[in-house]
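This report describes one protein model for a reader who has not seen it before.

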Amino acid sequence: MTDLTLVPAELAELSVAQLAALSPQQKILLARQLEQAGDWLKQVKARFDAALEQTYGDRIRTARSDGGKDFGVVHVADGEIRLSVDVSKRVTWDQTQLATIAKRIDAAGESVEEFIDVSYSISESRFQNWPSTLRSQFEAARTVKPGKPTYRLAPNEEA
């Protein structure tokens, strides 16, 4: 692979060492192509999911209704195809209302932790803007761990 033409089928066969040995120009091109390919795949997946919904939506809704399932997996058959549709349950809680309820539980002499999972957090930007005397009181409760690295390649304008 000496030129800048990167063919997806060839790329899939390259080892980590071979990818690491690519020229800087090839790495930049590959990074761009991977980003474009990811965007393209997301768009195609969204259209394909919409097509499945258009084709099977009525049957999926019937299967959910018949099974009494708003969430979870339902299956729809169409000849040789078995389509499994999983709708996850995403629950959110109104934090203001939970705080009010927690105060009532506490005022009644009950343990809030028996009913509500309590989690405390401080935004990093808020923490960094505190005076050092206030920050020092919280530092023992703070753990900093590295996140997953992300890589972005761009031409070096100085070169």
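Phe127, Trp130 and Phe138 form one aromatic cluster. The whole structure holds 2 aromatic pairs, a pair being rings of Phe, Tyr and Trp (its six-membered ring) with centres within 6.5 Å; planes under 30 degrees apart count as stacked, over 60 as edge-to-face and the rest as tilted. The rings of Trp130 and Phe138 are a tilted pair, because their planes stand at 50° with the centres 4.8 Å apart. Burial is judged by relative accessible area (buried under 20%, exposed over 50%, partly exposed in between; 1.4 Å probe, protein chains only).

| Residue | Relative accessible area | Class |
|---|---|---|
| Trp130 | 17% | buried |
| Phe138 | 33% | partly exposed |

The model is predicted: local features need pLDDT of at least 70 and side-chain atom pairs pLDDT 80 or more, while totals for chains, interfaces and linings use all residues. Residues are numbered from 1 along each chain as its sequence is written, and side-chain values use heavy atoms, without hydrogens and water.

The protein chain has 6 helices and 2 strands (DSSP runs, H or I of at least four residues and E of at least two, numbered from the N terminus). Of its 159 residues, 13% count as buried. The C-alpha atoms fill a box of roughly 75 × 60 × 25 Å along the principal axes.

Arg64 lies in helix H3, residues 24–67. Its side chain reaches the backbone oxygen of Val85 at 3.3 Å.

Terms used. A polar contact is a pair of N or O atoms within 3.5 Å; within protein, one must be able to donate a hydrogen and the other to accept it, and residues adjacent in sequence count only if both atoms are side-chain atoms.
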